[in-house]
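I opened my notebook to look up a few things in this structure and to write down each one with the rule behind it.

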Amino acid sequence: TFKLNVKHGKTYLLRIINAAVQDLLFFGIAKHELTVVGTDGSYVKPLKVEYITISPGQTMDVITNRETQKINVYFVSTLIKIQPSYI
C-alpha cells in the first residue's frame with residue numbers, strides 16, 4: 001500500500017511503469033481524470049482518460065490534478081494475465 005498526500009489545486013505528473021513480464025496493468029484514480037502526456041519516453045498529444053492500460057515493459061506519463069474538495073481518493077490497479085493460446 002502506498003499513500004500519497006496531495007494538495008488542493010496542485011497538478012501532479014505520475015510515471016507509471018509495468019515491470020511485469022506477461023501481465024497487462026490497468027491503472028486509474030477514483031473520481032479523477034488522467035491526462036496521458038507521454039509513453040515509453042516520448043511525448044504524445046494529451047489524451048484525457050478515466051484509466052490506462054499498460055503492456056509489459058511499457059511506461060506512461062500521466063497528469064492529474066487535485067481540484068475536488070478534501071476527500072479520500074484511492075488509486076486502483078489490477079493485473080490481467082496473458083495466456084498463450086496453445087496452453
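Which pattern does the chain follow when it is read along the sequence? I read it as β-β-β-β-β-β-β, and I noted zero helices and seven strands for the secondary structure. Here helices (H or I, at least four residues) and strands (E, at least two) are DSSP runs, numbered from the N terminus.

I kept in mind that this is a predicted model, in which local features need pLDDT of at least 70 and side-chain atom pairs count only at pLDDT 80 or more, while totals for chains, interfaces and linings use all residues. Residues are numbered from 1 along each chain as its sequence is written, and side-chain values use heavy atoms, with hydrogens and water left out.

Next I looked for aromatic pairs, meaning rings of Phe, Tyr and Trp (its six-membered ring) with centres within 6.5 Å, where planes under 30 degrees apart are stacked, over 60 edge-to-face and the rest tilted. I found one aromatic pair. Because Phe26 belongs to strand β2 (residues 23-29) and Tyr51 to strand β5 (residues 51-54), the pair ties together parts 25 residues apart in sequence.

Of the 87 residues of the chain, I noted 28% as buried.

Definitions and conventions: Buried < 20%, exposed > 50% of the residue type's maximum accessible area, 1.4 Å probe, protein only.
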